[in-house]
Amino acid sequence: MPTGDVTRVEHPLLAGLSDEHMTKIAGCAWGDRFEEGEYLFRVGEVANRCFLISAGRLSLELDGGERGIIRIATLQEEDVAGFSWIFPPHRWNWDGRVVEPVEATVLDGEALRALKTKDHDLGYELLLRFSAVISDRLEATRLQLMDVYGDHG
Amino acid sequence: MTATRSVYGREGMTAASVLDRHDFDHLISALTEEGYQPIGPILEGGRIIYGPIGSSSDLPIGKTDLHDGGLYRVIDRQDYALFGYNLPSDSWKQYLFPPRTLLWSANRSNGSFTVQPAIEEPPRLALIGVRACELAAIAIQDRVFTGTHPDPHYLSIRERVFIVGVNCVQAGGTCFCVSMGTGPELSDGYDLVLTELIEGDDHRFLIRSGTAAGGEVLSRLPLVPAVPSDCSNAEGLIATAADHMGRSLDTDGIQQLLYENPEHPRWDAVASRCLQCANCTMVCPTCFCSTTEDRPSLDGSSADRWRTWDSCFSLDYSYIHGGAIRSSAKARYRQWMTHKLATWIDQFGTSGCVGCGRCITWCPVGIDITREVQAIRTEEASHAHR
Amino acid sequence: MCTVTTAEVLPDPMLTTPMVVMARRQETADTFTIDLAPPGGFPFEPGQFTMLYVYGVGEVPISISGDPARPEVLTHTIRRAGKVTQALAGLKPGDSVGVRGPYGRGWPLEAARDKDVVLVGGGIGVAPLRPALTHIINHRADYRLVSMAIGFRSPKEMLFVDEIRQWRQHFDLDIELTVDAADDTWRGSVGVVTRLIPMLDAGEQAVAMVCGPGVMMTFTARALRDRDFQPENIYVSLERNMKCGIGLCGHCQYGPLFVCTDGPVRQFSEVERLFGIREV
C-alpha cells in the first residue's frame with residue numbers, strides 16, 4: 001500500500017544525483033511497507049517495479065521442486081531489489097519474499113523507462129548506478145559459487 | 001697482511017706458524033686425543049665427500065675435482081696436495097643437522113602416553129677442511145637454529161664442534177663465494193685455519209688458531225715459525241683463487257629484483273627444465289627445511305618421532321587441507337630461489353646463499369642460480385625499454 | 001667455536017605434553033570441539049595456536065578456540081580434514097593428546113582498545129576469533145562499538161550455534177550472521193559474509209580482525225577498504241603447512257614471514273602484496 005508521494009529519495013543508489021534528475025525520479029516514486037511473508041514480486045510476472053530498501057529483509061528465492069525452496073540472497077537496508085525492469089522482456093526471474101518487514105521506496109519501472117528514453121543524461125546516470133548494483137550482485141554470486149567454506153579435499 | 005687480518009683481537013690468537021706435511025698426522029692425533037672424532041674429505045664412489053678419517057692417508061691425496069652445471073669429475077693433480085679439491089658434494093650440514101634425528105619416543109600406558117626425550121650423547125666432531133663458504137653456511141645455520149626457539153638438537157652437536165678451516169687456493173667451476181662475500185679466505189669462526197703451500201717437494205701448511213681451544217691444539221704440534229714469504233705466498237694463492245671464480249652473481253638490489261618479478265617469464269622457463277628432484281636443497285649447506293615422521297612400533301606400544309630433511313620442491317611441503325599451495329614447478333622453484341636470495345635476508349639478516357655452487361654442480365640438468373638471476377635482471381631491463 | 005647458548009639448559013621445544021580430553025562436542029558433521037585438561041593451566045592469547053599430537057599418528061597446528069580467562073581448560077575446535085584431524089575426531093573423554101605451545105602472534109586486542117572493533121569470521125575461521133570476542137565481552141568497557149560478521153556455508157554447518165545466539169542477545173554487540181546457501185527454514189540472511197560488512201557500525205579508525213579461507217579474507221579486506229578502513233587496521237590470520245610451529249622447519253613460509261612465529265595474525269598492509277601473487 002503506497003504511503004504517499006515523495007519529493008526526494010534518500011538511498012545510496014541515487015546519492016549525488018542532480019536536483020533536476022532527482023525531481024524527475026521522485027515523480028515516479030513512492031514509499032511503501034511490506035509485511036513478513038508478502039511477496040514483492042514473483043518469478044515470471046511482469047517486472048515494472050524497483051525497490052530501494054531502507055529497512056527489513058527480503059529473500060530472493062526460487063522453488064527448486066524436489067530440492068525445496070532455494071534461497072540465493074537476502075537483501076536489506078541500502079540494497080536495491082529489481083533490475084529486471086530495465087531489460088526486455090521485463091519479467092521477474094526470482095521470487096522476492098519478505099522475511100522481516102520491509103520499508104522501501106518503490107520506483108515505477110515503466111515511468112523510469114520512459115524517462116531515460118527522453119532524457120539520455122538521466123538514462124546514463126541510472127544505467128551507471130544500476131550497473132554497479134548488478135556488478136556487486138555478480139561478485140557476491142561468484143563468491144557463493146566458489147563455495148569458500150566447502151571441503152575441497 | 002691478508003692472512004692475519006682475520007684473527008685480530010681474538011682470544012687465543014697466535015702468530016702464523018708452519019706445519020710440515022710430514023707432521024700433518026700430529027694434528028689429527030692431537031684432535032683425537034682431545035676426544036674429537038675427526039671428519040674430513042675422503043674419496044668414495046668416485047667423488048669426494050666428508051667422512052670419518054684416521055690419518056692423512058684417508059684424505060683425497062693428489063686429487064682434484066671439476067665442476068660445471070650438472071657436471072662433476074674427480075681427476076688427478078700433478079702434486080700430492082691433501083686439500084687440492086674444490087668442494088665435496090655433501091656439506092657439513094649432514095653432521096651438524098643430520099638428515100634424520102630422533103626427537104623423542106612415546107610409550108603408551110593406561111590409555112595415555114608418556115614422552116621420553118631422545119637421549120644420545122652428542123658426538124664431539126673435529127671438522128677438518130672447512131672452506132670459507134662452508135663456515136659462512138654454518139654461521140647462517142647457527143642463526144636459523146638459535147632464533148626465538150633455539151633447537152637443542154642442533155646446539156648440542158654444534159657447541160662441541162672443533163673447526164679446522166682450510167683457505168681456498170684455487171676456485172672451482174661453479175664457485176662464486178666472492179660474489180656472496182664469504183670467501184675464499186676464512187675470516188672468523190674457526191678454531192684453526194690452514195693454507196696449503198706446495199712448492200716442488202716442499203709441502204707445508206701455514207697454520208694459525210682463532211680460539212683458545214685452537215691455540216691449545218696448536219701448542220701440541222711440531223711447528224716452526226712462519227717467515228714473511230710464507231704469509232705472502234698464502235696471500236697470493238688466495239688472491240688468485242678469488243680471481244678465478246667459475247661463476248659470479250650480481251646481488252645488487254636482489255630483494256627488490258625478485259619481489260618485483262614474481263611473474264617473470266623466466267620462472268616458467270626454468271620450471272620447464274627443473275626436474276623437481278630437490279638435489280639443490282639436499283646439497284645446499286644452508287637449506288634447513290625439515291619435516292616430522294611418526295613411527296609407531298608394530299604392536300603400538302611405542303611411537304618414535306623423527307625429524308628428517310625436507311625440501312620446498314616437494315608437493316607435500318606446502319600442503320594444507322585440500323591441496324598444495326605451490327602446486328606448480330614454477331612456484332616451487334621461485335620459492336626456493338626467492339627464499340635463498342631475498343626473503344632470507346628479511347628473516348635472518350643475511351643471504352641464504354654462500355656461493356658454494358653445489359646447487360649448480362649437482363643439478364642433473366645444470367640449472368644455474370647465477371644465470372637465473374642474470375636472466376631476470378637483463379630481461380627485466382629489456383621489459384623496461386618497451 | 002660456537003658462541004651460542006648451551007643446549008643442556010634449553011628445554012626441547014619439540015617435546016609434547018600429554019593432556020587428557022575432558023569433553024568432546026560435535027559441532028557439525030565434520031567439526032568438533034575438544035576440551036583438554038592442561039596440568040598447571042595453559043594461559044594463551046586469543047589467536048594463538050598449538051601443535052596437537054595424536055599418539056603414533058602425527059601433529060597438526062590448531063587454533064585455540066576457548067576462553068582466555070579460563071586457562072584451566074584448553075579448547076580447540078577442529079575440522080576433520082586429514083589423517084591427524086581424523087584421528088583427533090576419534091578421541092573420547094579420558095584419551096590423551098600431546099600439546100605444544102601456545103605459539104604465534106594473536107589478535108591485536110591491546111591495539112584495539114578504545115577503538116571500534118569489527119570481527120569477520122567465515123566457516124572454521126570463526127573458531128580462532130571466538131577467544132577474541134570472548135575477551136572483548138569480558139572487557140567490554142575497554143572497547144567502543146563492537147560488531148561481528150559471521151558467515152557459514154549453510155545453516156547445518158554453523159559452529160557455536162548456542163553461543164552465537166547468546167552473543168546476539170548482548171545489547172552492546174552487533175552480531176550479523178549469514179549463510180551462503182539455505183532453504184526456507186532459515187530465517188536469517190543468505191549471501192556471502194562480505195555483503196554484511198557495509199551494515200556494521202564502525203568508524204574509520206576501527207580495527208578489523210578477519211579469519212577465514214584465503215578467498216574470503218581477500219574479499220573481506222576489499223570490502224573493508226571500500227568502507228575506508230586503513231589497511232594497517234585490518235588484521236588477518238594466515239594459514240600454512242606447519243611441522244614445528246617454532247620457525248625451524250620452513251614449511252609455513254609466506255614470503256618473508258614464518259607464519260608460525262611472525263603470525264598467524266598480521267596486518268593486511270604487510271601481506272597485501274603477497275595476497276596478489278599466485279602460489280606464493
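Here is a short chat about chains B and C of this predicted model.

Me: What makes β1 and β6 of chain C a pair of strands?
Reply: Two strands pair if there are at least two bridges between them. Strand β1 (residues 17–26) and strand β6 (residues 96–103) of chain C are joined by 4 bridges, so they pass that test. They run antiparallel, and in one of these bridges C:Pro18 has C:Gly98 of β6(C) as its partner.

Me: And how do you know that β1(C) pairs with β2(C)?
Reply: The pairing of β1(C) with strand β2 (residues 31–37) of chain C goes over 6 bridges, in the antiparallel sense. At least two are needed, so this is a pair. C:Gln26, for instance, is bridged to C:Phe32 in β2(C). A hairpin through 4 residues links β1(C) to β2(C).

Me: What does β2(C) pair with besides that, and how do you know?
Reply: With β5(C): 6 bridges join these two antiparallel strands. Again the cut-off is at least two bridges, so they count as paired. Look for C:Ile34, which stands opposite C:His76 in β5(C).

Me: What makes these strands part of an open sheet?
Reply: Follow the order β4-β3-β6-β1-β2-β5 in chain C: 6 strands, with antiparallel pairing. At the edges sit β4 (58–63) and β5 (74–79) of chain C, each of which pairs on one side only. From one strand to the next, the twist averages 40 degrees. As for what holds such things together, strands of a sheet pair through backbone hydrogen bonds.

Me: How many helices and strands does chain C have in total?
Reply: Chain C comes to 6 helices and 15 strands.

Me: Why does the radius of gyration of chain C agree with that of a compact globule?
Reply: Because a compact globule with 280 residues would have a radius of gyration near 19 Å, and chain C has 19 Å. Along its principal axes, the C-alpha trace of chain C spans about 60 × 45 × 40 Å.

Me: What share of chain C is buried, and what makes a residue count as buried?
Reply: A residue is buried if 20 or more other C-beta atoms lie within 10 Å of its own. In chain C, 52% of the 280 residues are buried. As for contacts between residues at least 6 apart in sequence, 71% of those in chain C join residues at least 24 apart.

Me: What about the domains of chain B: how do you know they touch?
Reply: Chain B is divided into domain 1 (2–243) and domain 2 (254–384), with 26 Å between their C-alpha centres. Here 37 residues of domain 1 of chain B are in contact with 33 residues of domain 2 of chain B. The domain 1 side draws at least two residues from each of β6 (100–109), α4 (132–145) and α6 (177–180) of chain B. Its largest share, 9 residues, comes from β6(B). By class, that side has 18 nonpolar, 13 polar and 6 charged residues.

How values were computed:
Residues numbered from 1 in each chain as written. Chains lettered and ligands numbered in written order. Predicted model: local features only at pLDDT ≥ 70, side-chain atom pairs only at ≥ 80, totals over all residues. Rg over C-alpha atoms; globule rule 2.2 N^0.38 Å. Buried ≥ 20, exposed ≤ 12 C-beta atoms within 10 Å, placed from the backbone. Contact = placed C-beta atoms within 7 Å. Axes fitted to C-alpha atoms, helices over the stretch in contact; angles between N-to-C directions. Domains from an automatic or database assignment. Nonpolar A, V, L, I, M, F, W, Y, C, P; charged D, E, K, R; others polar.
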